[in-house]
Each structure stands twice: as C-alpha cells, then as structure tokens.
Amino acid sequence: MNPQVVWQKTLNKIKEEVSNTNYHGWFSKTEAVGLNDQKITIAVPSAFVAEQLKMRFFSLIDSTLENVLGQKLAIEFKIDPAKFAKTSGEEVSDFTFPQIESAPSASNNLNSKYTLENFVVGLSNNVAYAAAAAVVQNPGISYNPLFVYGGTGMGKTHLMLGVGNALFNKNPGLKVVYCSSEKFMNDYVEAIRNHKMGDLRTRYRSLDLLLIDDVQFFSGREGTQEEFFHTFNELQSKNSQMIITSDRPPHEIAKLEDRLKSRFQGGLMVDIQPPDFDTRVAILRAKCRERGEDLSEEVLKLMASTLETNIRELEGRLMQVLQVLKTQNMAPSLENVASYLQSPKKTAAPLDQKRVIASICNYFDLNLKDLTGPKRQKELVLPRHIAMYILTEEASLTVERVGQILGGRDHTTVMHGRDRIKKLINNDREIQKILIELKQKLLS
Ligand code: ADP
Ligand code: MG
C-alpha cells in the first residue's frame, strides 16, 4: 500500500481523538515517506516534534495504525526539516542570529535570576518547557511566536526570561527586549504624544528577540493592537523570535482583534497547568537548595500538600516559614512546620467516592445514569475509565467495589479501564490535564 494513503487514513482517525491544537501542533506537519511490511517511516520537521510524538502520542499512533492496516508495524520518525521548510528560502537548520559588530558590553533588561536551569520541570509544565528548549535550539524558525498561557504564578514569566537569558548567553550581541504589555502600551501612547513613532518602530522592529508578557492586557486597546500587529509582522518576516505570555489562550482574550488572535495561534501554543503534588515538592526542594536551606523530605511534602498551588505563593509561604522558625530559634521539624501551617500532620484523607463521581460528571457534563449506564459511546467511555482509575488508584477502592459503584460492571472491566488510563498518563497531554484539573477540584 501507498505510505501516504495509509498515513492519511491514520491521521484522519487521530484527528478525531486529539484536540485541534494538538493536531495542528504535532500531526499536521508529518508525512509518510516509507512503508514496508515491517515498518512505516514518518518524516517530521524537527527532533522536537519527533520527541513529542513519541512521548505523548505513541500509543495512539501505534494503535490507530494497527487499526488501519490490520497489522502492527514499527514506527520510525525521520527528521527532515528541509521537507517542511517554507519555500521563501528560509534556512531551517542552521539559522543564527546576525552578529552585531563589536558587540557592546553585554546588556539587556532581562532579570538574570530566571533561567531554564532553575526552572523545575514536572507534569504540569513539561510541554511548555520542551517548547522553550526547542526555541533556544532553533530561534525564529520553528515556533514563532511561542505563546505560553496559564494562571497567575505558574511560571510563565520565569520560562520566558529563561529562554531570553539562554539565547542572550549564546549570543551576547542579541538585541532582546522584555516588555510587559503595559510597557508596550505606555511606550505607544508616549510615542504618539511626543510625535516619536519613528523611534518606537526602530526600537521594537529591529529586535532579534521580543518577549511580551501578559498580553491579555492588550484587550480593548485598539491603537496598541494595531501597532503591535505591524511590529509582529515585521519581526516574524525577519525570523526574529517572539515569545508571548497570557493568562488565557488567544481566543479567550476579549476585545482582541481577530488578526492578532490568528497570529498568536499561528505559532506554537502551550499551556502551564497548576503544579501537581510532585512538582510542588520538587519546586520547594529547589527553592530551599537555592537558599542553602535544608528541609527534610517529610517537611517538603507536608508543605506541598497543605499549601496553595500557585507557585508564587508557595514560594512566599516557604520563605515565611523559614523566617519565622529562624527568628523563634525553632528547628524546621515536621511538628514545628505543621504547627506553623496550622494544620495537623495529616495524611491526605481518602477521597470520597461520591465526590469523585460527582466531579467527573460535572467535569464532562454527564449525568450519573450515563456514567454508570450500559452505553459505550466514546464520550462516556473515557470518563468511565477515568473514574475507574481515580477510584482504584487514588481512593483505594477494590476493583470489585468500583465495578459495583459504576453500575455493576465486572472487575476485569474496571482493571482494563484503570490500566488504560495508567498507560495514557505517561504520554497523553489531554489525559494529564484532565487528571490534574480533576484532582485539583477534589482536593480543594
Ligand atoms: P507567572 O508569570 O505565570 O505569573 P512567574 O513566572 O512570575 O509566574 O513565577 C512565579 C514565581 O514562581 C517565580 O518566583 C518563579 O521563579 C517561580 N516558579 C514558577 N514556576 C517555576 C518552576 N517550574 N520552577 C521554579 N520556579 C518556578
Ligand atoms: Mg508573569
């Protein structure tokens, strides 16, 4: 069979399984370039895409292919940037920023405290981190703009500055500006008032790297948006990298021009989720280490389980605790920290099954009858499997009991559902996101 035909059929099915963003981000730039009875070879534009496909979507690709062909094949990814390069003659692989002759003493307005090295990577931010790392490898080309969104205190600014600092260290002649969207707005208003639009344009449009933070504040600012639109186009046409952050995805920003929305969506969009427990522990550990503080694992875990999920607050509370204990001359023992946090030393209470079921119904907008009933539509099966997973793994119920709760299902069915989710957790971003959000609701 023709590899392209096989792959197209596979892609058509995959499209129904993943979100639009994921499809366009990872699958739309793939092409089958070889097929024999052992393996299929898929060309992809970069090592990053190959890695993402392997890490997050391998089992989906594998099973869908098997479904299309009626047989299992090995899957090989071939990195072939030239194949996907635009015809405008842009060089994909060995692009470098133009060097400025006799570079001035290294200067920029980036806070050098925020680096990619001290950005802790976990389930909630690994995709955003991987995208950031890819931008450092290949600025201006693959993911332009990189659009990072997520709630406040989740590490968007840190990640953006991490990329800026990494690129600047690679090339100290780099012209880079970090700019809150308010600053851009103010600069624009100033420039109009002082008849200095020319200066403003020279300043922003000659950059190699522009970091725009919290772009949601452009909402309703028509003049600013107009100016930014032209800045954006100019920078993009020169392959100058842009990184943009926002507290929400572009289509949810009110009063933002459609043409800007589509520009923002045209690069790579990645989100940062609230940190899960393990990531919170890892962040606390890292912050302690940075300050030369030594807290036991037990204490770190206690703090991670009782404190807010916003990383900024998490960090703030950690500092407070350390400070208070120090001034009172108390050792940072589990007891002392627990009493400070005013929460008894507790192991998380077991999840209540009714709440689990209610949250899942609520999350997927289902009623209880659908979830526990016999129907087997795709929209019902995934929530059901997630219920099986959470009830067995997190609420520690037996598979038999979970079978009963879910409308009298056999325990082997429960095991199957639970195991499916267990497998998907490792490589399926959608599932990861669903579970993080559900758990957040359940623990709050
Ligand atoms: P946002 O821009 O999303 O509101 P910030 O980037 O300002 O959040 O992060 C808030 C604080 O949390 C900063 O001090 C930052 O260093 C810290 N932080 C956030 N994410 C991480 C992370 N993954 N690893 C280490 N520190 C982090
Ligand atoms: Mg920020």
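1. Two strands are said to pair if DSSP finds at least two bridges between them. In this predicted model, strand S1 (residues 31–35) and strand S2 (residues 39–44) run antiparallel and are joined by four bridges. A hairpin of three residues leads from S1 to S2, and within this pairing glycine 34 has threonine 41 of S2 as its bridge partner.

2. Elsewhere, five strands form an open sheet with parallel pairing, and their order across the sheet is S5-S6-S7-S4-S8. Strand S5 (176–180) and strand S8 (268–272) are the edge strands, since each of them pairs on one side only. On average, neighbouring strands of this sheet are turned by 15° against each other, with direction ignored.

3. Within that sheet, it is worth looking at the parallel strands S6 (residues 209–213) and S7 (residues 241–246), which are joined by four bridges. One residue pair to find on the structure is leucine 211 with its bridge partner in S7, isoleucine 243. Helix H5 (residues 126–137) packs on the sheet, where it touches strand S4 (146–150), S7 and S8, and the direction of H5 makes about 140° with that of S8.

4. Which helix packs with helix H7 (residues 181–193)? The partner is helix H8 (residues 197–205), at an angle of about 145° and with the two axes 8 Å apart. On the H7 side the contact is made by Lys183, Phe184, Asp187, Tyr188, Ala191 and Ile192, while H8 contributes Met197, Leu200, Arg203 and Tyr204.

Note on methods:
Residues numbered from 1 in each chain as written. Chains lettered and ligands numbered in written order. Predicted model: local features only at pLDDT ≥ 70, side-chain atom pairs only at ≥ 80, totals over all residues. Heavy atoms only, no water. Helix = DSSP H or I, 4+ residues; strand = E, 2+ residues; numbered from the N terminus. Axes fitted to C-alpha atoms, helices over the stretch in contact; angles between N-to-C directions. Contact = heavy atoms within 4.5 Å.
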